[in-house]
Amino acid sequence: MANWDDATANVKIRQGISVALVVRLQELLGLTGAQAARLIGRSRSTYSRHRNQDKELDVPEAERAVRYARLLALAAETL
């Protein structure tokens, strides 16, 4: 994801991004379920339910998750 340009990210987001991306961000950043849900703009209960069912994110949620993942990759690369 870190090496995706904007066009590639847009295509991937529209094709569908699994909630597993948010779960991975949650693990990497040490977030609680409520914090991870807030990160993508979803309620904690909906996030938990979708996480347990490994559903795909809606487009706005996927955009937020990809944005955070790309920022995290840039931060890691910088440091």
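The structure is a predicted model, in which local features need pLDDT of at least 70 and side-chain atom pairs count only at pLDDT 80 or more, while totals for chains, interfaces and linings use all residues. Residues are numbered from 1 along each chain as its sequence is written, and side-chain values use heavy atoms, with hydrogens and water left out.

The protein chain holds 5 helices and 0 strands, where helices (H or I, at least four residues) and strands (E, at least two) are DSSP runs numbered from the N terminus. Read from the N terminus, the order of elements is α-α-α-α-α. The C-alpha trace spans about 35 × 30 × 15 Å along its principal axes. The radius of gyration, taken over C-alpha atoms, can be set against a globule rule of 2.2 Å times the number of residues to the power 0.38. For 79 residues a compact globule would have a value near 12 Å, and the protein chain agrees, with 12 Å.

A residue is buried under 20% relative accessible area, exposed over 50%, and partly exposed in between (1.4 Å probe, protein chains only). By this rule, 30% of the 79 residues are buried.

A nonpolar core is a set of buried Ala, Val, Leu, Ile, Met, Phe, Trp, Tyr and Cys residues joined through side-chain atoms within 4.5 Å. The largest one has 18 residues, and I17, L21, V22, I40, Y47, L57 and V66 have the most contacts inside it. At least two residues of this core come from each of α1 (6-15), α2 (20-29), α3 (33-40) and α5 (59-78). Beyond its neighbours within four places in sequence, V66 touches M1, W4, A9, I13, I17 and L21.

H50 sits in helix α4 (residues 44-53) and counts as buried because its relative accessibility is 16%. Apart from neighbours within four places in sequence, H50 contacts V19, R42 and K55. D54 lies in the loop between α4 and α5 and is partly exposed, at 48% relative accessible area. The phi of D54 is near 50°, a positive value in a residue other than glycine.

Methods. Contact = heavy atoms within 4.5 Å.
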